[in-house]
Amino acid sequence: MVYFQLRQATTFSERLRGLIGRRLRSGEGLLFKNSSGLHTYFMTYNLDILFLDKTGHILKIIKNLPPWRFSYCKNADHFIEFPSDHNNTFIIGQFIDLTHF
């Protein structure tokens with residue numbers, strides 16, 4: 001089992017900014033609900049991305065997405081951003097509990 005803390009980007013400005021200009025602590029991720037695409041414009045470090053379906057199951061994993069890129073997952077309902085130095089061992093199909101968000 002993988003343990004981590006999630007923060008949620010809820011406002012327009014939080015969702016637009018994402019992790020630009022800030023870093024999460026080890027073991028933290030930033031959740032974007034009701035979105036299937038992201039950009040890494042203006043980022044200064046790589047990201048790991050989990051794309052999730054509406055039930056919280058992982059559909060797609062992108063590791064080390066560099067700055068100045070765009071990515072999406074056609075069937076995703078949500079995604080989570082982690083700094084690439086996060087030691088993640090996620091697998092496709094794994095369930096992420098989003099009931100508190």
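1. Gln8 has Leu31 in S2 as its bridge partner. Strand S1 (residues 5-8) and S2 pair in the parallel sense over four bridges; two strands count as paired if DSSP finds at least two bridges between them. Strands (E, at least two residues) and helices (H or I, at least four) are DSSP runs, numbered from the N terminus.

2. This is a predicted model, in which local features need pLDDT of at least 70 and side-chain atom pairs count only at pLDDT 80 or more, while totals for chains, interfaces and linings use all residues. Residues are numbered from 1 along each chain as its sequence is written, and side-chain values use heavy atoms, with hydrogens and water left out.

3. Between S1 and S2 the chain passes through helix H1 (residues 12-17), and this β-α-β crossover is right-handed. The term means that, with the strands pointing away from the viewer, the path from the first strand over the helix to the second runs clockwise.

4. The sheet is open and has five strands in the order S1-S2-S7-S4-S5, with mixed pairing. S1 and S5 are its edge strands, each pairing on one side only. Neighbouring strands are turned by 25° against each other on average, direction ignored; the axes are lines fitted to C-alpha atoms, and angles run from 0 to 180 degrees between N-to-C directions.

5. Strand S7 (residues 78-83) pairs with S2 in the antiparallel sense over four bridges. Leu31 stands opposite Ile80 in S7, and Phe32 has Phe79 as its bridge partner there. S4 and S7 also run antiparallel, joined by six bridges.

6. How many residues of S7 are buried? Six of its six are, where buried means under 20% relative accessible area, exposed over 50% and partly exposed in between (1.4 Å probe, protein chains only). His78, Ile80 and Phe82 are buried on one face, and Phe79, Glu81 and Pro83 on the other.

7. The largest nonpolar core has 16 residues, and Phe51 and Phe79 are among those with the most contacts inside it. Such a core is a set of buried Ala, Val, Leu, Ile, Met, Phe, Trp, Tyr and Cys residues joined through side-chain atoms within 4.5 Å. Strands S2 (28-33), S4 (47-52) and S5 (58-65) each give two or more residues to this core, and S4 gives the most, with three. A second, separate core of ten residues includes Leu6, Leu52, Ile58 and Phe90. In soluble globular proteins, nonpolar side chains tend to be buried together.
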